[in-house]
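Subject: Handing over the structure

Dear colleague,

I am passing this structure on to you, and below it you will find an account of what was found in it. Please keep the sequence and the coordinates open while you read.

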Amino acid sequence: MSHGLRSLLKPNYFVVGVVNDGREVLTEIGKHQPEILLLDLSMPHRNGLELLPDITAAYPALKVLIVTMHVDRALADLAIQKGAHGFIPKEASAEELNSAIEHVLAGKAFISPRVPKRSFRDATAVQHPALDRLTPRHLQILRLIGDGKSSTDIAEILGVSPRTIEFHRASIRKALGITTEWGLMRFAIMLPPEGQAEDTETDGRVTLDPQAMGEGDNSLSRDTPQSPPPA
């Protein structure tokens, strides 16, 4: 958690812990039992989208607010679909952050107005020539990644070992020129639904840039209010 975010929370909430490794999140939730989890989508070893199904299964009453530098509708929709209760950008003001926490703790969904209402995934112009470098198996795996599946999930679906999936992920990244796993995740999420790309006329435009898929930061935070939020 950044010092800036902690400062925004300090007047109204007590931060019970901070986790910087995705593998430690579930254990730390069990240890501290927070009322709300501020979850970053970008963490080493397990990203937020991969963690969400496990968090909601193990702690169904826990409220989860995504706080991320990656502000786009496709990510917000997928996070909510996977069990998050809110989605706001890291640069949110103290007023917006507190409002989001209050909404989520009250059982209401909250998506920042800064998040575009239209998903880039719906854009008919979404095409990238690098996709032609991928094999049908690569595309199959890429779409499963875009659905938030972990390597273990994909391995089970395809009937292969997780190590085989990791090999394919590395091959896909190399083919697309993507340097990080988070970059691969973002690229996969931005893909249009299967069949849409093939139906779209190709005019040479490139709207997805693997190099711009972004390096994520590695912060994860969890917060518990000192007192119940106003109704």
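To begin with a pair of helices, α8 (residues 162-176) and α9 (residues 181-190) pack at an angle of about 80 degrees, and their axes lie 10 Å apart. Here the axes are lines fitted to C-alpha atoms, for helices over the stretch in contact, with angles running from 0 to 180 degrees between N-to-C directions; helices (H or I, at least four residues) and strands (E, at least two) are DSSP runs numbered from the N terminus. The angle therefore makes α8 roughly perpendicular to α9, a term used for 65 to 115 degrees, whereas angles under 35 count as roughly parallel, over 145 as roughly antiparallel and the rest as oblique. On the α8 side the contact is made by Arg169, Ile172, Arg173 and Leu176, and on the α9 side by Glu181, Leu184 and Phe187, contact meaning heavy atoms within 4.5 Å. Sorted by class, this contact has 4 nonpolar, no polar and 3 charged residues, where Ala, Val, Leu, Ile, Met, Phe, Trp, Tyr, Cys and Pro count as nonpolar, Asp, Glu, Lys and Arg as charged, and the others, Gly among them, as polar.

Please bear in mind that this is a predicted model, in which local features need pLDDT of at least 70 and side-chain atom pairs count only at pLDDT 80 or more, while totals for chains, interfaces and linings use all residues. Residues are numbered from 1 along each chain as its sequence is written, and side-chain values use heavy atoms, with hydrogens and water left out.

Arg169 counts as buried at 3% relative accessibility, and Glu181 as partly exposed at 30%; buried means under 20% relative accessible area, exposed over 50%, and partly exposed in between (1.4 Å probe, protein chains only). Salt bridges that share partners join Arg169, Arg173 and Glu181 into one network.

A search of the whole structure finds 8 salt bridges. Another of them joins Asp40 and Lys90 (2.8 Å, N to O), of which Asp40 is buried, with a relative accessible area of 2%, and Lys90 is partly exposed, at 27%.

Finally, Ser112 is found in the loop between β5 (110-111) and α6 (136-146) and counts as buried at 1% relative accessibility. Apart from its neighbours within four places in sequence, Ser112 is in contact with Phe87, Ile88, Pro89 and Glu96.

How values were computed: Salt bridge = Lys/Arg side-chain N within 4 Å of Asp/Glu carboxyl O.
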